[in-house]
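Welcome, and thanks for taking a look at this structure with me.

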Amino acid sequence: MIALIVLLVLVVLAILMAVKVVPQQSAYVVERLGKFYAVLQPGINFIIPFFDRVAYKYTLKESAIDIPEQICITNDNVQVRMDGVIFIQVIDAKKAAYGISNYTFAVTQLAQTTMRSEIGKLALDKTFEERMTINRAVVEAIDEAATGWGVKVLRYEIKNITPPQSVLMAMEKQMQAERERRAVILQSDGEKQAAINVAEGQKQKVVLESEGIRERQINEAQGEASAILSVAEATAESIRLVAASIQNQGGMEAVQLRVADNLVEQFGKLAKTNNTLILPANFADMGSLIAAAMTVVKSDLPKSK
């Protein structure tokens, strides 16, 4: 009975040792009698107890590894402290098991040395600007070396760049000076633009005023010319009408009467404004005066026509 129980236990133990359940996104490396035999895929797998054994177990998920902080020297001989994080994934369990003893340690060391090398090529100011370049260089260097390790480097990111305190103070002063310089430039540009705007406004004002004066003078000249033309046309028309009226019956008698009235009126004005009045010798003979005036009028009639 005891032997039967021992045999049953051995059978169960053998079955348990023969059946291996591999989780998803995992890979088990099996050795048979100390030699690589196979990589077990996710699911139920069977091995030979006591002959086969699971030597290595790897996860195929992406892993993040912290890169310890280290001191790097820039191209301009400034010491900075830098750390980062690297993301890797096992893609070949056999190479990860037999290609290197500890791929995590190897990747970490290679990331540190590559980062020191890349920082040494850059000045301090450029290290903050060239983060992407440094990250890409580290990934390319590690990925090339990790091909035989069964590991794929997905990406690398710099977490912190810490310069010495003295450098930080100098950088802060530099940034303050740069901000003040930009403020002065902006202020001067504003004042310059304001002066330009004022000058442009004055220029436009003078131009508009001169154009206004010119337009006013043109309008006044045109108005005066129109007035003179209208007066001339009215005078010519009145002369034509007078000339036409004289040619009618009784026109000459009317002119004689008008001449006589004007003659008397003008001599009357002379008498009022002057103490001394000089009269023509034949002033008593009013008819002869009127006849003389009519002679002048008759001599002008053809010209009026």
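Which residue in β8 is the bridge partner of Met-82? The bridge partner of Met-82 in β8 is Ile-161. You are looking at a predicted model, in which local features need pLDDT of at least 70 and side-chain atom pairs count only at pLDDT 80 or more, while totals for chains, interfaces and linings use all residues. Residues are numbered from 1 along each chain as its sequence is written, and side-chain values use heavy atoms, with hydrogens and water left out.

**The protein as a whole**

- The secondary structure comes to eight helices and eight strands; helices (H or I, at least four residues) and strands (E, at least two) are DSSP runs, numbered from the N terminus.
- Of the 305 residues in the protein, 24% are buried; buried means under 20% relative accessible area, exposed over 50% and partly exposed in between, with a 1.4 Å probe and protein chains only.
- Contact means heavy atoms within 4.5 Å, and among contacts between residues at least 6 apart in sequence, 64% join residues at least 24 apart.

**The sheet of β6, β7 and β8**

- Three strands make an open sheet in the order β6-β7-β8, with antiparallel pairing; two strands pair if DSSP finds at least two bridges between them.
- β6 (63-73) and β8 (151-162) are at the edges with a single partner strand each, so one side of each has no neighbour in the sheet.
- From one strand to the next, the twist averages 25°; axes are lines fitted to C-alpha atoms, for helices over the stretch in contact, and angles run from 0 to 180 degrees between N-to-C directions.
- Strand β7 (residues 79-90) pairs with β8 in the antiparallel sense over ten bridges.
- Helix α5 (residues 131-145) packs on the sheet, where α5 touches β7 and β8, and its direction makes about 145° with that of β8.

**Helix α3**

- α3 lies across β6, β7 and β8 and runs at about 35° to β6.
- The 17 residues of α3 (residues 103-119) should span 24 Å at 1.5 Å a residue, and the end C-alpha atoms are 24 Å apart, which agrees; the expected span of a helix is 1.5 Å times one less than its number of residues.
- At the start of α3, a side-chain oxygen of Asn-102 comes to within 3.2 Å of the backbone nitrogen of Thr-104.
- The buried residues of α3 include Tyr-103, Val-107, Ala-111, Met-115 and Ile-119.
- An α-helix has 3.6 residues a turn, so residues three or four places apart point the same way.
- Gln-112 lies in α3 and is buried, with a relative accessible area of 11%.
- Leaving aside neighbours within four places in sequence, Gln-112 is in contact with Ile-67, Pro-68 and Gln-70.

- α5 has 15 residues and reaches 22 Å from its first C-alpha to its last, close to the 21 Å expected at 1.5 Å a residue.
- Ile-134, Asn-135, Ala-137, Val-138, Val-139 and Ile-142 are buried in α5.
- The buried residues of α5 pack against β7, α3, α4 (124-129) and β8.
- Lys-121 is found in the loop between α3 and α4, and counts as exposed at 54% relative accessibility.
- Lys-121 and Ile-73 are 48 residues apart in sequence and 9.2 Å apart in space, C-alpha to C-alpha.

**The sheet of β3, β2 and β5**

- Another open sheet has three strands in the order β3-β2-β5, and the pairing is antiparallel.
- β3 (35-40) and β5 are the edge strands, each pairing on one side only.
- Strand β2 (residues 26-32) and β5 pair over seven bridges in the antiparallel sense, and the bridge partner of Val-29 in β5 is Tyr-56.

**Aromatic rings**

- A search of the whole structure finds four aromatic pairs; rings of Phe, Tyr and Trp (its six-membered ring) pair if their centres lie within 6.5 Å, and planes under 30 degrees apart count as stacked, over 60 as edge-to-face and the rest as tilted.
- Tyr-56 and Tyr-58 have ring centres 6.1 Å apart and planes at 15°, so the pair is stacked.
- Tyr-56 and Tyr-98 form an edge-to-face pair, 5.7 Å centre to centre with 85° between the planes.
- Tyr-56 lies in strand β5 (residues 52-59) and Tyr-98 in helix α2 (residues 93-98), so this pair ties together parts that are 42 residues apart in sequence.
- One aromatic cluster is formed by Phe-36, Tyr-56, Tyr-58, Tyr-98 and Tyr-103.

Note on methods:
A polar contact is a pair of N or O atoms within 3.5 Å; within protein, one must be able to donate a hydrogen and the other to accept it, and residues adjacent in sequence count only if both atoms are side-chain atoms.
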